[in-house]
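Open the model in your viewer and keep the selection panel at hand. The stops below go in order.

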Amino acid sequence: MKMERTSVFHATSPQTHAIAKLFYFDLAISALIFLLVTGLVVFIAIRFRRRADAEIPRQDLGDPKLETIWTVIPALILVGLLVATAYTMHRVNPPVGERAPDVVIVAHQWWWEFRYPQVRVTTANELHLPLGANTLLRLESADVIHDFWVPDLAAKSDAIPGHPSFVWLTPEREGIFLGSCAEYCGMCHGQMGIRVIVEPPEVFAQWLQRQQRTPAAPPNDAAAQRGQRLFLAHTCMNCHTLAGTAAHGVIGPDLTHLAERQTLGAGVLTNDAVRLAQWIAEPQRFKEGCHMPNPRLTDAEARDLAAYLEALQ
Ligand code: CUA
C-alpha cells in the first residue's frame with residue numbers, strides 16, 4: 001500500500017480541501033495587501049522625496065475622508081475573512097447531533113488508542129478507515145492535552161481531558177497517511193506518531209473481522225508457548241490487554257492483534273520479530289522516557305515473548 005506524502009498541501013478529503021481553499025483565499029488577499037502597501041511605500045518614497053535642501057514639502061495635518069476609507073476597507077476585508085473562516089469551519093465540522101462516533105480516539109502519553117465502539121474492537125497507533133465513508137471520530141484524552149493531526153485527511157484537533165471533541169473525515173484515496181501529536185505533551189511528544197490506513201470497504205471489513213476474533217490465535221510452537229507463559233507471569237499484563245487471556249491492563253496499548261500492526265511504540269520501530277524482541281528488552285533505548293519500563297528479561301526470554309506476540313494476528 002502506498003505511503004502518501006504528508007502535507008497540508010496534499011488534501012485528500014473534502015474537509016482538507018475546504019481548509020486548503022480557505023488557506024489559498026487568505027493567502028491571495030494577504031498577497032494583494034502586501035503588494036499594495038509595499039508598492040505604495042516605494043512609490044511615495046520616490047515620488048515625494050526631498051529634491052533640494054531648501055525645499056520643504058507641503059504639510060498635511062489629516063484628511064478625515066481618507067482616514068475613513070482606510071479604516072473601513074480593512075474592516076470589510078476582516079469581515080470577509082471571518083465569514084469565509086466561519087463557513088469553512090461549519091463545512092469541516094458540522095454539528096454531530098445524535099450520530100454515534102465510528103471511532104473513539106483516546107490519546108495517551110505517548111500513544112493512541114483507537115476503539116471501534118459499534119463492533120467492540122480496540123487497537124493502537126494505526127487507524128484503519130474505509131475509503132469514501134463519511135467517518136466521525138470522537139477525541140478524548142486519558143491524561144494531558146494532545147492534538148490529533150493527520151494533515152492530508154482531517155482538521156487538526158485537540159484531545160482535551162474531560163472535554164471530548166469531534167472530527168469528521170471522508171478519505172478520498174486509499175493509502176497510508178501519516179500524522180502526529182501536535183500539542184506538546186511531555187517527554188515523548190515527538191514519538192507519538194499516527195498512521196491512518198485507508199483501504200477499500202471490503203478490505204476494511206475483513207480487517208475488522210480479524211480484529212474481532214479473540215483470542216487472536218493460540219501459540220503453536222514451543223517458543224511462542226514459552227512466550228505466552230512469560231507474558232502472563234510477568235508484569236506485562238498489569239498494563240496491557242490481551243483478549244482471551246487474564247491480561248486486562250489499560251495503561252498501555254491493547255496487544256490482542258499486535259502482529260497485524262506495521263510499527264511498534266507509536267511509530268518508532270518497524271514491527272517484526274527481531275525489533276519487537278529488542279523493544280521488549282529495552283523500550284527506553286528506543287523511546288526514552290516512555291511509560292514502559294525495561295523489564296529485566298534475558299535476550300532469550302525477550303525473543304520468546306516476541307515470538308508469542310508476533311503470532312497474534
Ligand atoms: Cu501527545 Cu504531544
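This is a predicted model: local features need pLDDT of at least 70, side-chain atom pairs count only at pLDDT 80 or more; totals for chains, interfaces and linings use all residues.

**Stop 1: the domains.** Select 103–204 and colour it as domain 1; select 222–310 for domain 2. Their C-alpha centres are 22 Å apart.

**Stop 2: the interface.** The two domains bury about 1400 Å² between them, 52% of it on carbon and sulfur atoms. Now show W111, E126 and Q191. Together they supply 34% of the area that domain 1 buries against domain 2, more than any other three residues.

What holds polar contact here, and how many residue pairs are there? Nine residue pairs are in polar contact between domain 1 and domain 2, both residues at pLDDT 80 or more. Salt bridges between the domains number zero.

**Stop 3: a salt-bridge network.** Select K2, E4 and R173, which salt bridges link in a network. K2 pairs with E4 at 3.8 Å, N to O. R173 pairs with E4 at 3.2 Å. The R173–E4 pair spans 169 residues, from the loop between β8 (165–169) and β9 (175–181) to the segment before α1 (14–47). E4 is buried at 5% relative accessible area, R173 is partly exposed at 35%, and K2 is exposed at 57%.

**Stop 4: one more pair.** Go to E113 and R115, a salt bridge at 2.8 Å, N to O. E113 is buried, at 11%; R115 is partly exposed, at 33%.

Notes: Residues are numbered from 1 along each chain as its sequence is written. Side-chain values use heavy atoms; hydrogens and water are left out. Domain bounds come from an automatic or database domain assignment. Buried area is the accessible area (1.4 Å probe) that two parts lose on being put together, summed over both. A salt bridge is a side-chain nitrogen of Lys or Arg within 4 Å of a carboxyl oxygen of Asp or Glu. A polar contact is a pair of N or O atoms within 3.5 Å; within protein, one must be able to donate a hydrogen and the other to accept it, and residues adjacent in sequence count only if both atoms are side-chain atoms. Buried means under 20% relative accessible area, exposed over 50%, partly exposed in between (1.4 Å probe, protein chains only). Helices (H or I, at least four residues) and strands (E, at least two) are DSSP runs, numbered from the N terminus.
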